[in-house]
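Below is a short report on one protein model and its ligand. It starts with charged pairs and then moves to a helix, the ligand site and the overall fold.

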Amino acid sequence: MTPSPNPTFVPGPTYAEMLDPAILPAAMRGKAAAAQRDELDPANLFNITWRGPDHAIRHVVLPEELTGVKANIVVMVGHYFPSGSHKVGPAYSTLMEGELAGEIEPGKSTTIGPSTGNFGIGVAYVSRLKGYPAIVIMPEGMSAERYERIRHYGGQLDLTPGSESDVILVLERTLEYRKDPRNKVLAQFELLPNYRFHRYVTGRSAIEAVKPYGNGRVALFAAAPGSAGTLAAGDEIKFAFPECRVAALEPKECSTLFNNGFGSHRIEGIGDKMVTLIHNVLTTDYVVRIHDDDCVLGLELLERRQHGIEPFLGLEAGSLRPLQGLFGVSGICNVLGAIRMARFLQLGPADNVVTIATDGFDRYPSVLADLERRRPLRVSELDKRIEEVFRGGSAAEILDVRPREEKERLFGYKQEVWTNFGYSLPYLEAMKFQAFWDDEFNKVGQIDAQLLKARASLKGKV
Ligand SMILES: Cc1ncc(COP(=O)(O)O)c(C=O)c1O
């Protein structure tokens, strides 16, 4: 269904426009550029893209002196998305598709964002721009900066007990909200717009980002799943470069994909103690366990100890400065996973590894303040800490999940979780075939056409 030309329907971009805002009408591009001065201007919806003002995909390539590997580690930077993380993309896509389907209506619906933070921030932000009240359900133990952002965007908070690995309680809470038909759950762990956004927008952006480096291809894509939306980029990268391997990273303290393990941990946004419904486990090749505190320590080294670590690594003074502010704890987890897998696969200078920094440091000063209390660093131990973090990890922490029995184990875990939330066995069975994922992905063209039609009916607004 196409939304009626209701003046309260606030237009946003198609998937194709998020991948390449240059295809937007010139007037809209101008409005979007001007909107960057006021983050609450709804035209910022058209700034949901990996591209910067120079049209290039925002990324950094880490110095070899830091990574200790020859492969090019290319990190796509999510911090510059409106609201401060790329999770705004899945939040917008889920809301946009809900509007097109006639399920979410301006003036009638309240959006519900089950999250551990960044998706909730994205839901609060996009809902504010589109004029919907928003309720974010998230665990009570996340960083203080996250709650502040949600409140800042006018989102209401509903906190559940525990922290990152207690997301199942968040999902259970959504069942309460579903009883009122005005509440519309933007269910990132189970709805396919999250998959579509990352496969289409992130995947294709990654393919473009690596063009200038090495052989211009992607040998490895590494990402730590929360909802596992980001991992969907791997599906598109593999389509372009069939030799590409996809590694899912998780906290050693909550190694669900590795060995059905569970436990609490310090890497906010990932390691949610489940196989999410939208995780296409068929295309995940390896699972890597990363010690959670390695990521917190790594963040501290990059943010607060640059002057100390540059000479130790043989880097010129100031060469790490461009990295400042671009990483959160999960971004460091992704970098460490990328490094450890590059070492494991013996990748060389022709090979590109792509990974993601989902959000930036602005969400983590409180986490480093806590680290300083827990593990204060003596300057004499700096070299030991660099070794531990950037050269650490072993092959024992890497599991090859390509064998059939590993896929069956992961399918089994998924089934265990999601039948409890009403998903049928035939639906779960269909997900065991790549055709399911390709069919879902191929809906992008039709959704975009529908959105363009809805925008055209707004006459003069876009
Ligand atoms: C900081 C952070 N890192 C990583 C992720 C994981 O991304 P995804 O949900 O796409 O798997 C999230 C998800 O919310 C996050 O907030």
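## Salt bridges

Arg-182 pairs with Asp-180 in a salt bridge, and their closest N and O atoms are 2.9 Å apart. A salt bridge here is a side-chain nitrogen of Lys or Arg within 4 Å of a carboxyl oxygen of Asp or Glu. Side chains of opposite charge can pair when their charged atoms come close. Arg-182 is exposed, at 54% relative accessible area. Asp-180 is partly exposed, at 24%. The cut-offs are under 20% relative accessible area for buried and over 50% for exposed, with partly exposed in between (1.4 Å probe, protein chains only).

Arg-304 forms a salt bridge with Glu-372, with 3.6 Å between the closest N and O atoms. Arg-304 sits in helix H11 (residues 292-304) and Glu-372 in helix H14 (residues 365-374), so this pair ties together parts that are 68 residues apart in sequence. Both ends are partly exposed: Arg-304 has a relative accessible area of 42%, and Glu-372 has 41%.

Glu-429 is partly exposed at 38% relative accessible area. Lys-432 is buried at 17%. Elsewhere, shared partners link salt bridges into one network of Arg-266, Asp-293, Asp-370, Arg-374, Arg-375 and Glu-388. The search of the whole structure finds 36 salt bridges.

## Source of the model

This is a predicted model: local features need pLDDT of at least 70, side-chain atom pairs count only at pLDDT 80 or more, and totals for chains, interfaces and linings use all residues. Residues are numbered from 1 along each chain as its sequence is written, and side-chain values use heavy atoms, with hydrogens and water left out.

## Helix H2

Which residues of helix H2 are buried? In H2 (residues 26-35) they are Met-28, Ala-32 and Ala-35. These residues cover an arc of only 60° around the axis, so they lie on the same side of H2. The arc is that of the directions from the helix axis to the C-beta atoms. The face turned away from the buried side carries the exposed residues Ala-26 and Ala-27.

## Ligand site

The ligand is surrounded by 17 residues, and the closest are Lys-87, Gly-226, Ser-227, Thr-230 and Ser-330.

Ser-227 places a polar side-chain atom 2.6 Å from an oxygen atom of the ligand. A polar backbone atom of Ala-228 is 2.8 Å from a ligand oxygen. For a polar backbone atom of Gly-229, the distance to a ligand oxygen is 3.5 Å. On its own the ligand has 390 Å² of accessible area, and the protein covers 98% of that. Accessible areas come from the Shrake-Rupley method with a 1.4 Å probe.

## Overall fold

The chain has 19 helices and 11 strands. Helices (H or I, at least four residues) and strands (E, at least two) are DSSP runs, numbered from the N terminus. Buried residues make up 61% of the 462 residues.

The C-alpha trace spans about 65 × 50 × 45 Å along its principal axes.

How values were computed. Near = heavy atom within 4 Å. Polar contact = N/O pair within 3.5 Å; in protein donor to acceptor, adjacent residues only side chain to side chain.
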